[in-house]
Amino acid sequence: MNDIFIPHNEIERQHEIAYSLRAVTAGKKACVITFGCQQNENDSERIAGALTLCGYEMTDNADEASMIIINTCAIREHAEIRALSEAGQFKGRKERDRSIKIGLCGCMAQQSHRREQIYKSYPYVDFVFGTDMHHKLPEIIETALNAKKRFSFVTELPHNEFGIISEGMPVLRESEYKAWVPVMYGCDNFCTYCVVPYARGRERSRKREDVVAEVKQLVEKGYKDITLLGQNVNSYNGGCDFATLLDECASFDGEYRVRFMTSHPKDASSELVDVIARNKNVAKHFHLPVQSGSSRVLKLMNRKYDRERYLEKAREIKSKIPDISLTTDIICGFPTETDEDFAETMSLVKEVGFDMIYTFIYSPRVDTVAAKMEGQIPKEISNARFKSLSDMENDIAQSLNDKFIGKTLRVLSDGVNKNGIPCGRSSQNKIVTYDKFVPAGQFVDILIETAGAYALGGKIK
C-alpha cells in the first residue's frame with residue numbers, strides 16, 4: 001500500500017472548504033442515520049463532526065434536515081435491506097423538495113453491485129461515498145450542494161490497496177461520558193464469510209501517540225467508558241502491540257474504564273490477558289468471537305485456529321481473570337455444517353460458559369468464498385440450530401448471573417432505560433437496574449439482589 005496517512009495540508013484544505021460553506025448552510029440542519037457496528041457508529045460521529053464544521057446544525061429528525069446521510073452496513077443481508085428500506089422512505093420527500101440532498105455511505109457504498117443498484121433503483125440518492133473518504137466530507141458536501149448530477153466519491157483501487165488514516169477532522173460524540181476510539185481500520189484475515197476486507201480495505205493502524213493522546217483528552221474531559229475499536233485490535237501495529245497500547249490508555253489518573261472490540265482468537269496474546277487482569281481501569285469483559293465449535297468448519301471459515309486452541313485461550317482468560325465476562329459470536333448454518341459440527345458448537349458453548357452469545361444465521365455475501373461453496377444450509381435448519389443454541393445459552397447466562405447475587409458491583413449509570421428504570425453497566429458489561437436515579441455518567445455501587453439471564457437488579461449501597 002502507498003502512504004496511508006493523509007497529509008496535514010489536505011486536512012487544512014478540507015477545513016477551508018468547510019468554513020466557506022457556512023454562509024450557505026446557515027440555519028440548515030443535517031441528519032445522519034446509522035446501521036451496523038460500533039465502527040459505523042464512530043464513523044457517523046465523524047460524519048456529524050464534519051457536517052457541523054460545514055455549518056449544519058445536527059438533528060435526529062430527518063424530516064427537519066436538508067442534508068441526510070445514511071451510513072450503511074454490509075455484514076449481513078438483513079442490514080443491507082434495512083438501509084435500502086430507509087433510503088426508500090425519502091423518495092416522496094425528494095419529489096416534493098428537490099433541494100434536499102441525500103447521501104449514502106459505509107460498507108454498502110464500497111460494493112460495486114450495491115452502487116449499481118442504488119444508481120438504477122434509487123434515483124433520489126444524490127451521492128455516494130466510500131469508507132475511506134470521510135476526511136473529504138467538506139469537499140463532498142460542497143459538491144453535493146453545487147452538482148447538477150449524481151456523483152460518487154469511491155476509490156477505484158483494489159481491495160488490497162485502498163484504505164487511509166486521517167487525523168485532525170472533528171468528531172461530534174453522541175455521549176458525554178462514553179466514547180469510541182478507533183485504533184486501526186480494515187482487516188487482513190479474509191474469513192470466507194466476511195466482506196470487511198473488501199469494504200474497509202487492508203489493516204492499517206493509527207499512530208500510538210495519536211491514540212493515547214485522544215484517550216488522555218477524553219479522560220480529562222470526564223469520559224468514563226472508552227472503547228478502543230478495530231476489526232481485529234490484536235493486529236494493532238502503530239508503534240507497539242495492542243497489549244501495550246491498552247495498558248497505556250488505561251494508565252491515566254481518575255476513575256474510568258477502557259474496553260476494546262474486537263479480538264481475533266488467533267492473535268489474543270497472554271500479555272493482553274495479563275493487562276486486563278492487573279489494570280483496574282481495563283473493563284473485565286473480553287469479547288472473543290469463536291464463530292463455530294467445529295475445527296472442520298473453522299478451517300472452512302479460514303479462522304486460523306481450531307477448537308482446542310480456542311478452548312485453551314478461554315481457559316487462560318477465565319483462570320487469570322476470575323471475574324471476567326466472556327462473550328462471543330457464533331454463526332449458525334455455515335455451508336456444509338452438519339449436525340455433528342453443530343453439536344460440537346453446542347458442547348464448546350457449554351464447556352466455556354459464555355456470559356452472552358451474539359448468534360447469527362449465515363448470510364451469503366457477494367464476492368466471498370463461502371457464498372460460492374456447495375452445501376448451503378436450508379434456512380429452516382439454520383433457524384432450528386439458532387433456537388437450540390439460544391435456548392441453551394439462556395440457561396448458561398442465567399446460571400452465571402445467579403452467582404452475582406449478594407455481591408456489590410461498581411456500575412456506570414446510563415440514567416434510565418426505555419421503561420424509566422434507573423440502569424447502568426458493570427465492568428463486565430452487565431446491564432444492572434437499581435432503586436434510585438443516578439445521573440448518567442456517574443459511578444455507583446450496587447448490591448445485587450436479583451438476576452435474569454441478561455440483566456441484574458439491586459439497590460444502591
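How many bridges join strand S10 to S11? Five bridges join them, and the two strands run parallel. This is a predicted model. Strand S10 covers residues 225-229.

S10 and S11 belong to an open sheet of three strands. The order is S7-S10-S11, with parallel pairing. Strands of a sheet pair through backbone hydrogen bonds, either parallel or antiparallel. Here, S7 (178-182) and S11 (257-261) stand at the edges. Each has a single partner strand, so one side of each lacks a neighbour in the sheet. On average, neighbouring strands are turned by 25 degrees against each other, direction ignored.

**Helices on the sheet**

| Helix | Residues | Strands involved | Angle |
|---|---|---|---|
| H8 | 208-220 | S7 and S10 | about 170 degrees with S7 |
| H9 | 242-249 | S10 and S11 | about 150 degrees to S11 |

H8 packs on the sheet.

**A helix pair**

Now to H10 (residues 270-278) and H12 (residues 307-320). Their axes come within 10 Å and cross at roughly 25 degrees. Angles under 35 degrees count as roughly parallel, so H10 is roughly parallel to H12. The crossing is right-handed.

Which residues make the contact? H10 supplies Ser270, Val273, Asp274 and Ala277. H12 supplies Lys313, Glu316, Ile317 and Lys320. The contact residues divide into three nonpolar, one polar and four charged.

Notes:
Residues numbered from 1 in each chain as written. Predicted model: local features only at pLDDT ≥ 70, side-chain atom pairs only at ≥ 80, totals over all residues. Heavy atoms only, no water. Pairing = 2+ DSSP bridges. Helix = DSSP H or I, 4+ residues; strand = E, 2+ residues; numbered from the N terminus. Axes fitted to C-alpha atoms, helices over the stretch in contact; angles between N-to-C directions. Contact = heavy atoms within 4.5 Å. Parallel < 35°, antiparallel > 145°, perpendicular 65-115°, else oblique. Left-handed = near helix turned anticlockwise from the far one by under 90°. Nonpolar A, V, L, I, M, F, W, Y, C, P; charged D, E, K, R; others polar.
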